[in-house]
Amino acid sequence: MRNELQYNLFVKTTPRRLFFRASIPGAIGMLASALYQIFDGIFVGNILGSTSFAAVNLAMPFVIINFALSDLIGVGSSVPISIALGEGKKEFADKIFTLSCLLIVTLGVLTGALLYLLAPVFISLMGASGTFAEEAITYLRTYALFSPITTMVFATDNYLRISGKIRRSMFLNIFMSLFCGLAEFVFLFFFGFGVEGAAIGSCLGMSLAVLFSIIPFFRGKLALTFVRPTFSLQIIRKIISCGLPSFLNNIAGRLTSIIINLMLVRFGGEAAVSIYGVLMYTDGMVLPIMYGSCDSLQPAIGYNWGAGLYSRVRKIEKYCFMTAFVLCMIAFFCCFFFPSMILSLFVAEAPPYGELAIVIFSFTYITRWLSFATQSFMLAIEKAVLASVISISMAFIFPVSLLFLLNGLGLFGVWMNMPLTALLGALLSITILLKEKKNLIKKDNPVDVSVEY
């Protein structure tokens, strides 16, 4: 049994039209999210001050680790669900969907409790003290309280896109970003809250987005519906296998950020942590748009892969690489030519090396697009091992190795870390693509010929 909306969108629509119908709305939705992240940094930095801005950035890696654990299930379930639907196995897809939602909520309760209890320990291990540490703990604990609900937000967004509800996903992302931004501004500017106001505003917006996203699935009118839960180790292993690359990327990336923050506190204190925060907020503007563009096409790629339409998969994937390249070139141009403007958005009084850090960071985008698009492609076609190799190398192996190799250069070595990591990631991705090229070309199906482009 197949869903006609899915089939017409993922199989019958030309790759170019599919790109505009799926990838563009996905990018717009993530752009709204990215813009909120930018304003979040601006609000905290300008209303609460530099110490609060540094505290938020010190706590943020732990917040993202919490989301990454649930995202392991959300992302990991999306690939087998898409492929199962492409193979016409709706019942199996519904079982994966139902089990995944239950696992995410359960994990959100456990990790939220753990994060709340251990927040003081985590922050003290970072070397923070005084007001700096207190605000970081408050920010972290606020997110922990909302964990059972907010950790569902990325998964439900994926499930809507799998069901062909791409515009609904886009509008919900826009609504969530607007609500988060408005709520945060009201809490900080009018009510005089501290960093907890920023966290509450974000969490309320995400909670509402989860509620509005999950309701249509209970009505039974989408491609996925809730069924009686079946706890299958086979399904769980498949979910973990497919979600591992994204999970490793998030976890390893946050561990790397923690190590970098430790070095920044030692080399330059709060000021250095703030500059690194500016770099991360800037990157947070670019990566979500690339993620939205590529991730929105993953259900179509997985569906066609499951249906055996391999040549169509290759045609769709070309748009992911092209989009990632264009976005990275725009990011390079903005960071290289306008570092002072970017810096002034977040930090009123920046140290003298601030602009240099942004200029050096800009070269990251010259090669960043290649590893990002390659990992997305490998994940979409269930090449989880190869996607994991790229993920763990980019997020941990390359940057941590470079941190120690460049340790003698102080802060300059930290800023050089990111562009060099991107370069190594590009070389690794080229190697993987060349290795897999013959295997992908060999895969063909006579059904491809009958598909109208």
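This is a predicted model: local features need pLDDT of at least 70, side-chain atom pairs count only at pLDDT 80 or more; totals for chains, interfaces and linings use all residues.
Visitor: How many cavities of 30 Å³ or more does the structure hold, and what volume has the second largest cavity?
Guide: At a threshold of 30 Å³ or more, the structure holds three cavities. For the second largest cavity, the computed volume is about 110 Å³.

Visitor: Which residues are the closest to the centre of the second largest cavity?
Guide: The lining of the second largest cavity comprises 13 residues. By class, these divide into six nonpolar, five polar and two charged. The closest to the centre are Ser-78, Val-79, Asp-295, Gln-298 and Pro-299.

Visitor: Which helix gives the most to the lining of the second largest cavity?
Guide: At least two lining residues are supplied by each of α3 (50–86), α6 (153–162) and α9 (233–307). The greatest contribution, five residues, is made by α9.

Visitor: Which helix provides the largest share of the nonpolar patch on the surface?
Guide: The patch is formed by Leu-114, Tyr-116, Leu-117, Leu-118, Val-121, Leu-125 and Leu-145. Together these residues have about 690 Å² of accessible area. Six residues of the patch, its largest share, come from helix α4 (residues 90–125).

Visitor: Is Leu-117 buried or exposed?
Guide: Leu-117 lies in helix α4 and belongs to the nonpolar patch. A residue is classed as exposed when its relative accessible area is over 50%. Because the relative accessibility of Leu-117 is 62%, this residue counts as exposed.

How values were computed. Residues are numbered from 1 along each chain as its sequence is written. Side-chain values use heavy atoms; hydrogens and water are left out. On a 1 Å grid over the protein atoms alone, a cavity is a set of points where a 1.4 Å probe fits but cannot get out, and a pocket is an open set with protein on both sides within 12 Å along at least five of seven lines; lining residues have an atom within 4 Å of a point. Grid points are joined across faces, edges and corners, and a volume is the space filled by probe spheres set on the points. Helices (H or I, at least four residues) and strands (E, at least two) are DSSP runs, numbered from the N terminus. Ala, Val, Leu, Ile, Met, Phe, Trp, Tyr, Cys and Pro count as nonpolar, Asp, Glu, Lys and Arg as charged, and the others, Gly among them, as polar. Patches are made of residues with over 30% relative accessible area and no salt bridge: like charges are joined within 9 Å, nonpolar side chains (Val, Leu, Ile, Met, Phe, Trp, Tyr) within 5 Å. Accessible areas come from the Shrake-Rupley method with a 1.4 Å probe; for residues, only the protein chains shown count as cover. A salt bridge is a side-chain nitrogen of Lys or Arg within 4 Å of a carboxyl oxygen of Asp or Glu. Buried means under 20% relative accessible area, exposed over 50%, partly exposed in between (1.4 Å probe, protein chains only).
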